[in-house]
Amino acid sequence: MNVLIIGNGLAGTLAAKSLRELDPDLGIEVLGEERHPYYPRPNLIEYVAGRLPLEKIFAFPEEWAARQGITLRLGEKVARILPAEKKVETAAGAVLSYDALLIATGARAALPPVPGVDKKGVFVLRTLDDAHDLIAYLEGHRRVAVLGGGLLGLEIARAIRGRGADVEVIEFFDRLLPRQLDPAAAAILRAQFEKTGISVRLRATTKEILGDSGGVRGLRFESGETLGTEAVVIAAGIKPEIGLAADAGLQIGRGVLVDDRMKTSGPGIFAAGDAAEHRGRIYGIIPAAFEQARVAAANMLGQDKPYGGTVPFNTLKVAGLYLTSAGEIDAEGPGFESLVHSDPAAGLYKKIVLQDGRLAGAIWMGTKKGAAEISRLVALKRDVGTIKQALLEDDFDFTEIP
Amino acid sequence: MDKYECTACGYVYDPAVGDPDNGIAPGTSFEALPDTWVCPQCGVPKDLFVKVG
(Lines give C-alpha, C1' and ligand atoms only; values in the text may rest on other atoms or scores of the structure.)
Protein backbone atom coordinates (compact mmCIF):
# COMPACT_ATOMS: atom_id res chain seq x y z
CA MET A 1 0.00 0.00 0.00
CA ASN A 2 1.25 3.47 -0.89
CA VAL A 3 0.29 6.68 0.84
CA LEU A 4 0.88 10.14 -0.59
CA ILE A 5 0.91 13.30 1.50
CA ILE A 6 0.70 16.76 -0.01
CA GLY A 7 2.36 19.21 2.34
CA ASN A 8 5.34 18.89 4.67
CA GLY A 9 4.20 21.22 7.41
CA LEU A 10 3.12 20.03 10.82
CA ALA A 11 0.07 18.01 9.72
CA GLY A 12 1.81 16.34 6.79
CA THR A 13 4.96 15.52 8.69
CA LEU A 14 3.30 14.25 11.84
CA ALA A 15 0.88 12.19 9.73
CA ALA A 16 3.86 10.59 8.01
CA LYS A 17 5.42 9.88 11.39
CA SER A 18 2.18 8.32 12.70
CA LEU A 19 1.72 6.24 9.55
CA ARG A 20 5.21 4.83 9.91
CA GLU A 21 4.60 4.00 13.56
CA LEU A 22 1.39 2.19 12.63
CA ASP A 23 2.78 0.29 9.64
CA PRO A 24 6.48 -0.42 9.12
CA ASP A 25 5.97 -1.63 5.53
CA LEU A 26 3.81 1.18 4.18
CA GLY A 27 5.09 3.24 1.24
CA ILE A 28 5.04 6.88 2.38
CA GLU A 29 5.77 9.78 0.08
CA VAL A 30 5.59 13.44 1.13
CA LEU A 31 5.43 16.27 -1.40
CA GLY A 32 6.54 19.62 -0.03
CA GLU A 33 6.23 22.84 -1.97
CA GLU A 34 8.86 24.47 0.25
CA ARG A 35 12.41 23.41 -0.47
CA HIS A 36 13.13 23.03 3.25
CA PRO A 37 12.42 20.02 5.45
CA TYR A 38 9.82 20.38 8.19
CA TYR A 39 10.28 23.02 10.85
CA PRO A 40 7.87 24.14 13.60
CA ARG A 41 6.42 27.44 12.41
CA PRO A 42 6.77 29.26 15.76
CA ASN A 43 10.53 28.93 15.27
CA LEU A 44 10.29 31.51 12.49
CA ILE A 45 9.61 34.18 15.11
CA GLU A 46 12.68 33.10 17.08
CA TYR A 47 14.73 33.10 13.91
CA VAL A 48 13.63 36.59 12.88
CA ALA A 49 14.34 37.82 16.40
CA GLY A 50 17.86 36.43 16.07
CA ARG A 51 17.40 34.11 19.02
CA LEU A 52 17.58 30.86 17.05
CA PRO A 53 20.27 29.98 14.50
CA LEU A 54 19.15 28.62 11.14
CA GLU A 55 20.41 25.09 11.74
CA LYS A 56 18.27 24.80 14.87
CA ILE A 57 15.02 25.65 13.13
CA PHE A 58 14.34 22.15 11.86
CA ALA A 59 12.56 19.61 14.06
CA PHE A 60 14.32 16.46 12.87
CA PRO A 61 17.90 15.65 11.89
CA GLU A 62 18.54 15.76 8.15
CA GLU A 63 18.62 11.99 7.76
CA TRP A 64 15.38 11.44 9.72
CA ALA A 65 13.01 10.93 6.78
CA ALA A 66 15.34 8.52 4.99
CA ARG A 67 15.86 6.54 8.16
CA GLN A 68 12.10 6.32 8.60
CA GLY A 69 11.69 5.09 5.04
CA ILE A 70 9.74 8.22 4.14
CA THR A 71 10.35 9.60 0.66
CA LEU A 72 10.55 13.38 0.88
CA ARG A 73 10.10 15.28 -2.37
CA LEU A 74 10.93 18.86 -1.47
CA GLY A 75 10.44 21.88 -3.67
CA GLU A 76 7.83 19.95 -5.65
CA LYS A 77 4.59 21.72 -6.27
CA VAL A 78 1.52 19.64 -7.04
CA ALA A 79 -0.33 20.66 -10.20
CA ARG A 80 -3.44 18.57 -9.72
CA ILE A 81 -5.13 15.66 -8.05
CA LEU A 82 -6.87 13.11 -10.29
CA PRO A 83 -9.32 11.43 -7.87
CA ALA A 84 -10.82 9.00 -10.40
CA GLU A 85 -7.39 7.57 -11.24
CA LYS A 86 -6.00 7.93 -7.71
CA LYS A 87 -3.04 9.87 -9.05
CA VAL A 88 -1.32 13.17 -8.39
CA GLU A 89 0.49 15.17 -11.04
CA THR A 90 3.32 17.49 -10.04
CA ALA A 91 4.07 20.82 -11.68
CA ALA A 92 7.25 19.24 -13.05
CA GLY A 93 5.15 16.60 -14.80
CA ALA A 94 5.71 13.57 -12.57
CA VAL A 95 2.66 11.35 -12.02
CA LEU A 96 2.40 9.55 -8.69
CA SER A 97 -0.13 6.89 -7.71
CA TYR A 98 -1.70 6.51 -4.29
CA ASP A 99 -3.96 4.15 -2.40
CA ALA A 100 -4.68 6.87 0.14
CA LEU A 101 -3.99 10.59 -0.14
CA LEU A 102 -3.67 13.21 2.58
CA ILE A 103 -4.20 16.86 1.76
CA ALA A 104 -2.09 18.74 4.29
CA THR A 105 -1.54 21.87 2.26
CA GLY A 106 -1.94 24.19 5.23
CA ALA A 107 -2.73 27.83 4.82
CA ARG A 108 -1.16 30.94 3.44
CA ALA A 109 -1.12 34.40 4.98
CA ALA A 110 -4.30 36.33 4.21
CA LEU A 111 -3.71 39.62 2.41
CA PRO A 112 -6.04 42.57 2.86
CA PRO A 113 -7.49 43.97 -0.39
CA VAL A 114 -5.46 47.15 -0.19
CA PRO A 115 -3.74 48.88 -3.13
CA GLY A 116 0.01 48.49 -2.87
CA VAL A 117 0.20 45.06 -1.19
CA ASP A 118 2.32 43.92 -4.13
CA LYS A 119 4.97 46.58 -3.54
CA LYS A 120 8.57 45.78 -2.75
CA GLY A 121 9.03 45.85 1.01
CA VAL A 122 5.67 44.24 1.85
CA PHE A 123 6.08 40.92 3.64
CA VAL A 124 4.21 38.12 5.35
CA LEU A 125 5.79 35.62 7.72
CA ARG A 126 4.58 32.16 6.90
CA THR A 127 7.57 30.27 5.51
CA LEU A 128 11.29 30.08 6.10
CA ASP A 129 11.87 31.83 2.79
CA ASP A 130 9.58 34.64 3.97
CA ALA A 131 11.77 34.94 7.06
CA HIS A 132 14.96 35.06 4.98
CA ASP A 133 13.52 37.76 2.73
CA LEU A 134 12.32 39.84 5.68
CA ILE A 135 15.62 39.63 7.56
CA ALA A 136 17.58 40.61 4.45
CA TYR A 137 15.33 43.62 3.82
CA LEU A 138 15.56 44.81 7.42
CA GLU A 139 19.31 45.21 6.97
CA GLY A 140 18.78 48.42 5.02
CA HIS A 141 15.29 49.42 6.13
CA ARG A 142 14.74 50.30 9.75
CA ARG A 143 11.18 51.59 9.92
CA VAL A 144 8.59 48.83 9.91
CA ALA A 145 4.80 48.79 10.18
CA VAL A 146 3.08 45.57 11.24
CA LEU A 147 -0.50 45.28 10.02
CA GLY A 148 -2.45 43.32 12.61
CA GLY A 149 -2.50 43.49 16.41
CA GLY A 150 -3.39 39.83 16.95
CA LEU A 151 -1.08 37.19 18.37
CA LEU A 152 1.10 36.78 15.29
CA GLY A 153 1.33 40.51 14.65
CA LEU A 154 2.48 41.17 18.20
CA GLU A 155 5.07 38.38 18.10
CA ILE A 156 6.41 39.64 14.79
CA ALA A 157 6.58 43.22 16.09
CA ARG A 158 8.54 42.08 19.10
CA ALA A 159 10.92 39.97 17.02
CA ILE A 160 11.63 42.84 14.63
CA ARG A 161 12.03 45.28 17.51
CA GLY A 162 14.57 42.81 18.91
CA ARG A 163 16.66 43.46 15.79
CA GLY A 164 16.69 47.16 16.61
CA ALA A 165 14.15 48.37 14.06
CA ASP A 166 11.50 51.00 14.75
CA VAL A 167 8.16 49.22 14.80
CA GLU A 168 4.56 50.37 14.77
CA VAL A 169 1.67 47.93 15.13
CA ILE A 170 -1.49 48.88 13.25
CA GLU A 171 -4.76 47.42 14.54
CA PHE A 172 -8.22 47.88 13.09
CA PHE A 173 -10.03 47.24 16.40
CA ASP A 174 -9.99 49.55 19.42
CA ARG A 175 -7.55 47.28 21.27
CA LEU A 176 -4.81 44.71 20.89
CA LEU A 177 -5.76 41.01 20.90
CA PRO A 178 -9.46 41.82 20.54
CA ARG A 179 -10.36 38.12 20.65
CA GLN A 180 -8.52 37.40 23.89
CA LEU A 181 -8.67 40.63 25.90
CA ASP A 182 -11.13 43.18 27.21
CA PRO A 183 -10.25 46.90 26.87
CA ALA A 184 -8.61 47.21 30.32
CA ALA A 185 -6.33 44.19 29.85
CA ALA A 186 -5.48 45.32 26.32
CA ALA A 187 -4.45 48.74 27.67
CA ILE A 188 -2.03 47.06 30.09
CA LEU A 189 -0.59 44.93 27.31
CA ARG A 190 -0.22 48.00 25.13
CA ALA A 191 1.70 49.80 27.87
CA GLN A 192 4.02 46.78 28.19
CA PHE A 193 4.65 46.91 24.45
CA GLU A 194 5.30 50.63 24.42
CA LYS A 195 7.83 50.17 27.20
CA THR A 196 9.91 48.10 24.77
CA GLY A 197 9.79 50.90 22.21
CA ILE A 198 7.02 49.50 19.98
CA SER A 199 4.36 52.02 18.91
CA VAL A 200 0.72 50.99 18.71
CA ARG A 201 -1.94 52.59 16.53
CA LEU A 202 -5.54 51.48 17.15
CA ARG A 203 -8.80 51.95 15.21
CA ALA A 204 -6.76 52.33 12.05
CA THR A 205 -7.94 51.03 8.69
CA THR A 206 -5.21 50.97 6.08
CA LYS A 207 -6.48 52.31 2.77
CA GLU A 208 -3.28 52.17 0.78
CA ILE A 209 0.34 51.11 0.96
CA LEU A 210 2.27 54.01 -0.50
CA GLY A 211 5.53 53.80 -2.38
CA ASP A 212 7.33 53.89 -5.68
CA SER A 213 9.56 51.63 -7.71
CA GLY A 214 12.09 51.74 -4.86
CA GLY A 215 9.63 50.12 -2.51
CA VAL A 216 7.28 50.98 0.34
CA ARG A 217 7.31 54.57 1.59
CA GLY A 218 4.32 54.66 3.90
CA LEU A 219 0.73 53.88 4.76
CA ARG A 220 -2.39 55.92 4.23
CA PHE A 221 -5.28 55.34 6.61
CA GLU A 222 -9.01 55.83 6.17
CA SER A 223 -8.81 58.84 8.49
CA GLY A 224 -6.57 60.54 5.94
CA GLU A 225 -3.53 60.28 8.19
CA THR A 226 -0.31 58.84 6.83
CA LEU A 227 2.62 57.01 8.37
CA GLY A 228 6.11 56.95 6.90
CA THR A 229 7.54 53.44 6.82
CA GLU A 230 10.10 51.50 4.81
CA ALA A 231 8.66 48.02 5.24
CA VAL A 232 5.28 46.48 5.97
CA VAL A 233 4.62 43.07 7.49
CA ILE A 234 1.08 41.79 7.14
CA ALA A 235 -0.33 39.60 9.93
CA ALA A 236 -4.00 39.54 9.08
CA GLY A 237 -4.84 35.88 9.59
CA ILE A 238 -4.66 32.80 7.41
CA LYS A 239 -6.37 31.49 4.31
CA PRO A 240 -6.57 27.70 3.88
CA GLU A 241 -4.92 26.34 0.73
CA ILE A 242 -7.87 24.64 -0.92
CA GLY A 243 -7.10 25.19 -4.60
CA LEU A 244 -6.03 21.61 -5.36
CA ALA A 245 -9.05 20.16 -3.57
CA ALA A 246 -11.44 22.55 -5.32
CA ASP A 247 -9.96 21.79 -8.75
CA ALA A 248 -10.31 18.08 -8.05
CA GLY A 249 -14.03 18.56 -7.38
CA LEU A 250 -13.88 17.82 -3.64
CA GLN A 251 -16.39 19.49 -1.39
CA ILE A 252 -15.02 22.67 0.08
CA GLY A 253 -16.20 25.44 2.35
CA ARG A 254 -13.62 27.87 3.67
CA GLY A 255 -11.45 24.77 4.00
CA VAL A 256 -11.52 21.24 2.59
CA LEU A 257 -14.57 19.62 4.18
CA VAL A 258 -13.86 16.51 6.24
CA ASP A 259 -16.03 14.17 8.30
CA ASP A 260 -15.21 12.82 11.76
CA ARG A 261 -12.69 10.39 10.19
CA MET A 262 -10.90 13.34 8.49
CA LYS A 263 -12.15 11.97 5.17
CA THR A 264 -12.99 14.34 2.35
CA SER A 265 -15.71 13.75 -0.24
CA GLY A 266 -13.15 12.09 -2.55
CA PRO A 267 -12.40 8.34 -2.49
CA GLY A 268 -9.40 7.54 -0.31
CA ILE A 269 -8.67 11.25 0.16
CA PHE A 270 -8.22 12.71 3.63
CA ALA A 271 -7.32 16.17 4.88
CA ALA A 272 -5.80 17.50 8.10
CA GLY A 273 -4.38 20.70 9.56
CA ASP A 274 -4.99 24.30 8.57
CA ALA A 275 -6.46 23.28 5.19
CA ALA A 276 -9.18 21.12 6.74
CA GLU A 277 -12.62 22.28 7.82
CA HIS A 278 -14.22 20.02 10.42
CA ARG A 279 -17.79 20.65 11.57
CA GLY A 280 -17.55 24.21 10.30
CA ARG A 281 -14.27 24.93 12.05
CA ILE A 282 -10.80 25.72 10.78
CA TYR A 283 -8.67 25.71 13.88
CA GLY A 284 -5.34 27.09 12.73
CA ILE A 285 -3.70 25.92 15.96
CA ILE A 286 -0.98 23.38 16.59
CA PRO A 287 -2.79 20.85 18.81
CA ALA A 288 -5.68 20.59 16.32
CA ALA A 289 -3.35 19.99 13.36
CA PHE A 290 -1.54 17.35 15.35
CA GLU A 291 -4.69 15.52 16.52
CA GLN A 292 -6.21 15.64 13.04
CA ALA A 293 -3.01 14.27 11.50
CA ARG A 294 -3.01 11.32 13.89
CA VAL A 295 -6.67 10.57 13.32
CA ALA A 296 -6.27 10.85 9.54
CA ALA A 297 -3.25 8.50 9.61
CA ALA A 298 -5.18 5.83 11.51
CA ASN A 299 -8.20 6.03 9.23
CA MET A 300 -6.05 6.00 6.09
CA LEU A 301 -4.88 2.57 7.23
CA GLY A 302 -8.43 1.33 7.62
CA GLN A 303 -8.77 1.83 11.35
CA ASP A 304 -11.89 3.52 12.63
CA LYS A 305 -10.71 6.42 14.75
CA PRO A 306 -13.02 9.40 15.26
CA TYR A 307 -12.04 13.04 15.72
CA GLY A 308 -14.34 15.02 17.96
CA GLY A 309 -12.68 18.42 17.72
CA THR A 310 -9.91 20.03 19.71
CA VAL A 311 -10.24 22.09 22.85
CA PRO A 312 -7.85 24.99 22.32
CA PHE A 313 -4.99 25.24 24.77
CA ASN A 314 -5.89 28.63 26.12
CA THR A 315 -2.71 29.70 27.86
CA LEU A 316 -0.32 31.61 25.63
CA LYS A 317 2.75 33.67 26.08
CA VAL A 318 2.68 36.99 24.32
CA ALA A 319 5.31 39.68 24.67
CA GLY A 320 6.76 37.69 27.54
CA LEU A 321 3.46 37.74 29.44
CA TYR A 322 1.41 34.67 30.19
CA LEU A 323 -2.11 35.04 28.97
CA THR A 324 -5.08 32.79 29.62
CA SER A 325 -8.42 33.70 28.19
CA ALA A 326 -11.50 31.49 28.50
CA GLY A 327 -15.21 31.81 27.78
CA GLU A 328 -17.06 35.13 27.90
CA ILE A 329 -14.44 37.76 28.65
CA ASP A 330 -16.34 40.98 28.11
CA ALA A 331 -20.02 40.27 28.69
CA GLU A 332 -22.35 42.94 29.98
CA GLY A 333 -26.04 43.12 30.75
CA PRO A 334 -28.55 41.59 33.15
CA GLY A 335 -27.24 38.60 35.08
CA PHE A 336 -23.59 39.31 34.28
CA GLU A 337 -21.08 40.47 36.83
CA SER A 338 -17.37 41.17 36.37
CA LEU A 339 -14.67 41.28 39.05
CA VAL A 340 -11.14 42.49 38.37
CA HIS A 341 -7.83 42.40 40.18
CA SER A 342 -5.10 44.31 38.41
CA ASP A 343 -1.59 45.69 38.82
CA PRO A 344 -0.84 47.56 35.58
CA ALA A 345 2.80 48.34 36.41
CA ALA A 346 3.49 44.62 36.82
CA GLY A 347 1.49 43.71 33.73
CA LEU A 348 -0.95 41.78 35.90
CA TYR A 349 -4.66 41.58 35.14
CA LYS A 350 -7.12 39.01 36.44
CA LYS A 351 -10.78 39.09 35.67
CA ILE A 352 -13.70 36.74 36.16
CA VAL A 353 -17.08 37.06 34.52
CA LEU A 354 -20.05 35.51 36.31
CA GLN A 355 -23.45 34.78 34.88
CA ASP A 356 -26.04 34.34 37.62
CA GLY A 357 -23.27 33.44 40.05
CA ARG A 358 -21.68 30.87 37.73
CA LEU A 359 -18.28 31.34 36.09
CA ALA A 360 -18.80 32.26 32.45
CA GLY A 361 -15.32 33.50 31.58
CA ALA A 362 -11.93 34.64 32.78
CA ILE A 363 -8.80 36.52 31.77
CA TRP A 364 -5.53 35.75 33.54
CA MET A 365 -2.71 37.93 32.24
CA GLY A 366 0.80 38.30 33.62
CA THR A 367 0.62 35.14 35.72
CA LYS A 368 0.15 31.45 35.17
CA LYS A 369 -0.66 30.73 38.78
CA GLY A 370 -4.21 29.42 38.92
CA ALA A 371 -4.63 29.80 35.15
CA ALA A 372 -5.24 26.13 34.42
CA GLU A 373 -7.58 25.90 37.40
CA ILE A 374 -9.64 28.93 36.44
CA SER A 375 -10.02 27.64 32.85
CA ARG A 376 -11.29 24.37 34.19
CA LEU A 377 -13.81 26.12 36.45
CA VAL A 378 -15.00 28.18 33.47
CA ALA A 379 -15.42 25.02 31.39
CA LEU A 380 -17.47 23.52 34.23
CA LYS A 381 -19.47 26.77 34.65
CA ARG A 382 -18.97 26.43 38.38
CA ASP A 383 -21.06 28.33 40.88
CA VAL A 384 -18.52 30.58 42.63
CA GLY A 385 -20.90 33.17 44.02
CA THR A 386 -19.61 32.90 47.58
CA ILE A 387 -15.88 32.86 46.80
CA LYS A 388 -15.79 35.18 43.80
CA GLN A 389 -13.66 37.83 45.50
CA ALA A 390 -11.19 35.36 46.98
CA LEU A 391 -10.67 33.68 43.59
CA LEU A 392 -8.77 36.72 42.35
CA GLU A 393 -6.31 36.79 45.24
CA ASP A 394 -2.74 35.78 44.35
CA ASP A 395 -2.59 33.18 47.10
CA PHE A 396 -6.00 31.60 46.48
CA ASP A 397 -5.84 27.86 47.01
CA PHE A 398 -7.77 26.21 44.19
CA THR A 399 -7.55 22.83 45.88
CA GLU A 400 -10.20 24.15 48.27
CA ILE A 401 -12.72 23.89 45.45
CA PRO A 402 -13.83 20.29 45.12
CA MET B 1 20.61 15.16 31.33
CA ASP B 2 19.41 15.74 27.77
CA LYS B 3 17.29 18.60 26.48
CA TYR B 4 14.23 17.75 24.39
CA GLU B 5 12.55 19.85 21.73
CA CYS B 6 8.85 19.91 20.86
CA THR B 7 8.56 18.97 17.17
CA ALA B 8 5.27 20.84 16.91
CA CYS B 9 6.26 24.26 18.21
CA GLY B 10 9.99 24.30 18.95
CA TYR B 11 9.78 24.68 22.73
CA VAL B 12 12.86 23.20 24.39
CA TYR B 13 12.54 21.33 27.68
CA ASP B 14 15.67 21.94 29.73
CA PRO B 15 15.95 19.60 32.75
CA ALA B 16 18.07 22.18 34.58
CA VAL B 17 15.15 24.62 34.40
CA GLY B 18 12.25 22.19 34.66
CA ASP B 19 8.74 23.56 34.18
CA PRO B 20 7.98 25.18 37.53
CA ASP B 21 4.76 26.77 36.25
CA ASN B 22 3.38 23.28 35.87
CA GLY B 23 4.82 21.82 39.01
CA ILE B 24 7.98 20.33 37.47
CA ALA B 25 10.99 21.09 39.67
CA PRO B 26 14.39 22.04 38.20
CA GLY B 27 16.54 18.95 37.86
CA THR B 28 13.71 16.73 36.55
CA SER B 29 14.86 14.66 33.58
CA PHE B 30 12.62 14.49 30.53
CA GLU B 31 12.12 10.75 31.09
CA ALA B 32 10.87 11.46 34.60
CA LEU B 33 8.13 13.83 33.44
CA PRO B 34 4.66 12.37 34.05
CA ASP B 35 2.85 11.02 30.97
CA THR B 36 0.17 13.63 31.53
CA TRP B 37 2.70 16.44 31.04
CA VAL B 38 2.16 18.40 27.82
CA CYS B 39 4.22 21.01 26.01
CA PRO B 40 3.72 24.20 28.06
CA GLN B 41 3.88 26.26 24.88
CA CYS B 42 1.51 24.42 22.54
CA GLY B 43 -0.12 21.58 24.44
CA VAL B 44 0.98 18.50 22.49
CA PRO B 45 1.97 15.34 24.40
CA LYS B 46 5.40 14.12 25.45
CA ASP B 47 5.86 11.66 22.59
CA LEU B 48 6.20 14.55 20.13
CA PHE B 49 9.48 15.63 21.70
CA VAL B 50 12.88 14.69 20.27
CA LYS B 51 16.24 14.73 22.00
CA VAL B 52 18.43 17.67 21.10
CA GLY B 53 21.38 16.62 23.26
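How many residues apart in helix α1 of chain A are A:Glu21 and A:Lys17?

A: A:Glu21 and A:Lys17 lie 4 residues apart in helix α1 of chain A, which means that about one helical turn separates them. This is a predicted model, in which local features need pLDDT of at least 70 and side-chain atom pairs count only at pLDDT 80 or more, while totals for chains, interfaces and linings use all residues. Residues are numbered from 1 along each chain as its sequence is written, chains are lettered from A and ligands numbered from 1 in the order in which they are written, and side-chain values use heavy atoms, leaving out hydrogens and water.

The side chains of A:Glu21 and A:Lys17 form a salt bridge with an N to O distance of 3.4 Å (a side-chain nitrogen of Lys or Arg within 4 Å of a carboxyl oxygen of Asp or Glu). A:Glu21 is exposed, at 52% relative accessible area, whereas A:Lys17 counts as buried at 13% (buried is under 20% relative accessible area, exposed over 50%, partly exposed in between, with a 1.4 Å probe and protein chains only). Over all chains, the count is 26 salt bridges.

Another salt bridge joins A:Glu46 to A:Arg51, with the closest N and O atoms 2.9 Å apart. Both partners are partly exposed: A:Glu46 has a relative accessible area of 28%, and A:Arg51 has 48%. A:Glu29, A:Arg73 and A:Glu76 are joined into one network by salt bridges that share partners.

Helix α2 of chain A has 8 residues, 6 of them buried, so α2(A) is largely enclosed by the rest of the structure. Its buried residues are A:Asn43, A:Leu44, A:Ile45, A:Tyr47, A:Val48 and A:Ala49. The cover over them includes α4 (128-138) and α5 (151-162) of chain A, as well as β1 (4-6) of chain B (helices, H or I with at least four residues, and strands, E with at least two, are DSSP runs numbered from the N terminus). After α2(A) comes A:Gly50, with a positive phi near 85°.

Next, the interface. In chain A, 18 residues are in contact with 19 residues of chain B (contact means heavy atoms within 4.5 Å). The two chains bury about 1400 Å² between them, with 56% of this on carbon and sulfur atoms (the accessible area, 1.4 Å probe, lost on being put together, summed over both). There is 1 salt bridge between chain A and chain B, formed by the side chains of B:Asp47 and A:Arg294 at 2.7 Å, N to O. On the side of chain A that touches chain B, α1 (10-22), α2 (42-49) and α8 (286-300) each supply at least two residues. The largest share, 4 residues, comes from α8(A).

The largest nonpolar core has 69 residues; A:Ile5, A:Ile81, A:Val88, A:Leu102, B:Cys6, B:Val44 and B:Phe49 touch the most other members (a core is a set of buried Ala, Val, Leu, Ile, Met, Phe, Trp, Tyr and Cys residues joined through side-chain atoms within 4.5 Å). α8(A) gives the most to this core, with 9 residues. Beyond its neighbours within four places in sequence, B:Val44 is in contact with residues including A:Ile286, A:Pro287 and A:Phe290. A second, separate core of 48 residues includes A:Leu44, A:Val48, A:Val200 and A:Tyr349.
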